Amino acid sequence: MMNIFKSMFGPAEDFKALKEAGAIVLDVRTPGEFQSGHVKGSVNIPLDILNKQLNSLKKEGKAIIAVCRSGNRSAMAVSQLKAAGIEAYNGGAWNSLQGKL
């Protein structure tokens, strides 16, 4: 089963190492969702306004771990970030990632 998972999604990222190296945890949920709980130290930029923030994120020069409620919006965010030339990873659900940092 693990081999199928790896072949579909690639090797699991070491989010803890990325965070320790300075990666930004970007929460792309709505402000209301973010208020109800989030990864400590994460930045909230809702997916619907992310494209307006790409230049400032790129200037940060750091990798980004995107999170949301389930992993769908963060996957869309990673596509936008990568298209803008930013190193980005899908952290999936924020509450699942929290335990890996």
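**Cores, sheet and a buried arginine**

Me: Which residues have the most contacts inside the largest nonpolar core?
Reply: A nonpolar core is a set of buried Ala, Val, Leu, Ile, Met, Phe, Trp, Tyr and Cys residues joined through side-chain atoms within 4.5 Å, and buried means under 20% relative accessible area with a 1.4 Å probe, protein chains only. The largest one here has 16 residues, and those with the most contacts inside it are Leu26, Leu50, Leu57, Ile64 and Leu81.

Me: What kind of model is this?
Reply: Local features need pLDDT of at least 70, side-chain atom pairs count only at pLDDT 80 or more, and totals for chains, interfaces and linings use all residues, since this model is predicted. Residues are numbered from 1 along each chain as its sequence is written, and side-chain values use heavy atoms, leaving out hydrogens and water.

Me: What is the order of the strands in the open sheet?
Reply: Strands are DSSP runs of E, at least two residues, numbered from the N terminus, and two of them pair if DSSP finds at least two bridges between them. S1 and S3 pair in the parallel sense over four bridges, while S2 (43-44) and S4 (88-93) sit at the edges, each pairing on one side only. So the four strands run S2-S1-S3-S4.

Me: Is Arg29 buried or exposed?
Reply: You'll find Arg29 in the loop between S1 and helix H3 (31-35). A polar atom of its side chain lies 2.5 Å from the backbone oxygen of Gly37. Its relative accessible area is 3%, so Arg29 is buried.

Conventions
Buried means under 20% relative accessible area, exposed over 50%, partly exposed in between (1.4 Å probe, protein chains only). A polar contact is a pair of N or O atoms within 3.5 Å; within protein, one must be able to donate a hydrogen and the other to accept it, and residues adjacent in sequence count only if both atoms are side-chain atoms.
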